[in-house]
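Subject: Structure handover

Hi,

My notes on it follow below.

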Amino acid sequence: MTTITRPKHHDDLIAHLRESATLGSVCGLLGWDQETYMPDGGADARAEQSSLLAGIAHERATSERLGALIAACEGDAELTGDPETAAELREVRRSYDLATKLPGDLVREMAESGSKAQQAWKKARENDDFKAFEPWLAKMIDLARRKAACYGTPEGGEAYDALLDEYEPGAKAAEIEAVFTPLGARLSAFIKDLADHGTPPSDAPLNVKVPEAAQHAFGLEVLGAMGFDLDAGRLDTTAHPFCSGFAPGDTRLTTRYRDERFTDALYGTMHEGGHGLYEQGLPKDTKFGSPLASSISLGIHESQSRMWENFVGRSRQFWVWAKPIADRHFEGALDAWSVDDMTKAVNTAKPSFIRVEADEATYNLHVMLRFGIERALLRGDLEASDVPNAWNGRFEELFGTTPPDNRRGCLQDVHWSFGLIGYFPTYTLGNLYAAQLWETILDEVPDLESKMERGEFADLLAWLRDKIHTHGMRYRAGELCEMITGKPLGPDPLLRHLERRIRPAYGL
Ligand code: ZN
């Protein structure tokens with residue numbers, strides 16, 4: 001608790017931020033509605049509503065008044081002398097700079113070219129025609145380079161860091177590479193070892209038909225046990241699942257159901273539930289709008305979702321508890337299978353060409369592949385025309401095989417077509433943070449594994465609240481990780497976790 005008296009410029013700043021966040025929550029609600037219940041006929045009006053609000057939000061985020069309030073607070077030694085307020089101001093400054101450093105004509109050019117490039121990408125992927133997309137990719141790379149130049153290279157860093165900073169504040173590409181390189185080499189060797197010496201587990205327990213209503217009821221029971229507050233949140237259905245924690249007391253989760261593979265919805269729900277628990281744990285009741293009530297970074301957000309999805313949800317302990325519950329909801333569909341069968345079936349590691357179809361282990365290799373190429377593009381070591389060869393060569397190194405065409409290679413993902421460069425590494429950072437935190441959790445939460453067998457997750461959630469959620473953006477991700485685990489982020493915990501889980505599933 002801080003005891004300093006708040007001067008008027010700080011009160012005004014906080015009031016401005018809270019109003020902006022409230023406006024953001026209206027945009028969030030419109031976006032959620034669009035992805036869940038909006039009739040198709042509402043699309044045009046929704047686009048108009050969203051773009052009007054986005055314009056107002058941008059004006060507020062870049063206003064001179066906001067700039068003056070930030071400067072007044074930064075010049076106030078009493079405020080900057082308080083560590084919590086200093087962290088708050090550091091992040092407010094960062095957001096303001098991100099919002100104001102890009103000239104309007106560049107923003108417009110990015111939006112226009114992005115939507116045209118996306119159309120071109122769609123066709124090029126359908127026809128497996130990289131040449132048709134190449135000029136658009138070149139354009140989007142040029143725009144990304146110009147955007148990075150506007151942000152400016154952070155001290156001791158490189159152009160890529162400027163783009164990465166939007167998603168993972170303070171992270172450096174070189175530091176990520178230092179973790180990714182050994183992780184990639186050892187993961188590749190691990191996956192080859194499984195393929196050469198292991199017996200893949202049967203996925204038959206997952207190929208059972210379960211009606212959507214039963215899956216939904218099961219998902220809600222799991223969410224309730226995780227500690228997700230359904231009086232302050234909802235679970236709905238959508239095409240591309242997401243979590244939106246837009247206001248105090250209102251966090252929306254979405255998932256999707258496939259009759260013939262219930263684990264898609266289960267793990268989707270647990271994943272978004274992990275994001276949702278983080279959102280519900282942020283101190284929004286008192287600090288909504290302040291960085292002290294915002295998530296640290298995409299990497300830390302993803303660490304929360306991956307932890308519940310993978311470290312909890314794919315464990316034997318989870319299935320000891322969850323199998324009888326699934327049996328109750330699924331009316332005997334899983335009768336032929338044991339807890340061990342379930343656990344093995346959800347712990348596979350098999351190379352695939354397509355990232356979104358990858359398992360917990362190989363997914364990270366897909367991320368590393370993209371990270372390496374994006375970074376080389378930003379440095380100017382690669383150009384658009386080099387991408388297919390660079391992709392296939394690196395794929396061969398990581399997976400021991402080459403994509404048969406560009407459709408299943410460098411053309412598979414939409415992101416580059418709208419200039420989204422710099423955020424892929426946050427997925428693997430999430431897995432790395434989750435693994436490193438998990439080892440500390442097992443040390444610090446007594447009997448967690450036996451509690452998980454009884455569906456008791458309250459102590460785990462209390463630990464996450466206390467160590468991570470309650471701080472908002474007070475600390476940077478790497479700093480918080482080191483504070484909690486005593487070590488900088490490294491590859492070993494994730495490798496240990498994957499080996500411990502997946503080897504037994506392959507009979508090794
Ligand atoms: Zn996620």
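First, a term: a nonpolar core is a set of buried Ala, Val, Leu, Ile, Met, Phe, Trp, Tyr and Cys residues joined through side-chain atoms within 4.5 Å. Buried means under 20% relative accessible area, exposed means over 50%, and partly exposed is in between (1.4 Å probe, protein chains only).

The model is predicted: local features need pLDDT of at least 70, side-chain atom pairs count only at pLDDT 80 or more, and totals for chains, interfaces and linings use all residues. Residues are numbered from 1 along each chain as its sequence is written, and side-chain values use heavy atoms, with hydrogens and water left out.

**Cores and domains**

The largest nonpolar core has 127 residues. Those with the most contacts inside it are L187, W308, F318, W319, W438, I441 and I468. Helix α16 gives the most to this core, with ten residues. (Helices are DSSP runs of H or I, at least four residues; strands are runs of E, at least two; both are numbered from the N terminus.) The core draws at least three residues from each of domain 1 (8–151) and domain 2 (173–506). Those bounds come from an automatic or database domain assignment.

Take L187. Contact here means heavy atoms within 4.5 Å. Not counting residues up to four places away in sequence, L187 touches A361, N364, L365, M368, L495 and L498.

How far apart are the C-alpha centres of domain 1 and domain 2? They lie 26 Å apart. At the interface, 38 residues of domain 1 are in contact with 45 residues of domain 2.

**Zinc site**

The zinc ion has three protein donors: H271 (NE2), H275 (NE2) and E302 (OE). They lie 2.1 to 2.3 Å from the ion. Donors are N, O and S atoms within 2.8 Å of the metal (3.2 Å for Na, K and Ca); water is not among the atoms, so the site may look incomplete. The spacing in sequence is H-x3-H-x26-E. H275 lies in helix α11 and E302 in helix α13 (residues 298–312), so the pair ties together parts that are 27 residues apart in sequence. Both H275 and E302 are buried.

**The sheet**

There is an open sheet of three strands, in the order β1-β3-β2, with mixed pairing. Two strands pair if DSSP finds at least two bridges between them. The edge strands are β1 (233–237) and β2 (243–247), each pairing on one side only. The twist averages 20° from one strand to the next. Axes are lines fitted to C-alpha atoms, for helices over the stretch in contact, and angles run from 0 to 180 degrees between N-to-C directions.

Two helices to look at here. Helix α1 (residues 8–36) packs on the sheet, touching β1, β2 and β3, and its direction makes about 145° with that of β2. Helix α11 (residues 262–281) also packs on the sheet and touches β1, β2 and β3; its direction makes about 165° with that of β3.

β2 and β3 (residues 250–255) pair in the antiparallel sense over three bridges. S244 has R252 as its bridge partner, and A247 stands opposite D250. Their hairpin has two residues between the strands, and G249 takes a positive phi near 75° there. Four of the five residues of β2 are buried, so β2 is largely enclosed by the rest of the structure.

**Single residues**

- H366 is in helix α16 (residues 363–379). H366 is buried, with a relative accessible area of 0%. Among its contacts beyond four places in sequence are S352, F353 and R355.
- G227 is in the loop between α10 (212–226) and β1. At 30% relative accessibility, G227 is partly exposed. Leaving aside neighbours within four places in sequence, G227 is in contact with L277, Q280 and L461.
- D128 has a positive phi near 50° and is not a glycine. D128 is found in the loop between α6 (104–126) and α7 (130–151). Its relative accessible area is 33%, which counts as partly exposed.
- E331 also has a positive phi, about 50°, without being a glycine. E331 lies in the loop between α14 (316–330) and α15 (339–345). At 74% relative accessibility, E331 is exposed.

Best wishes
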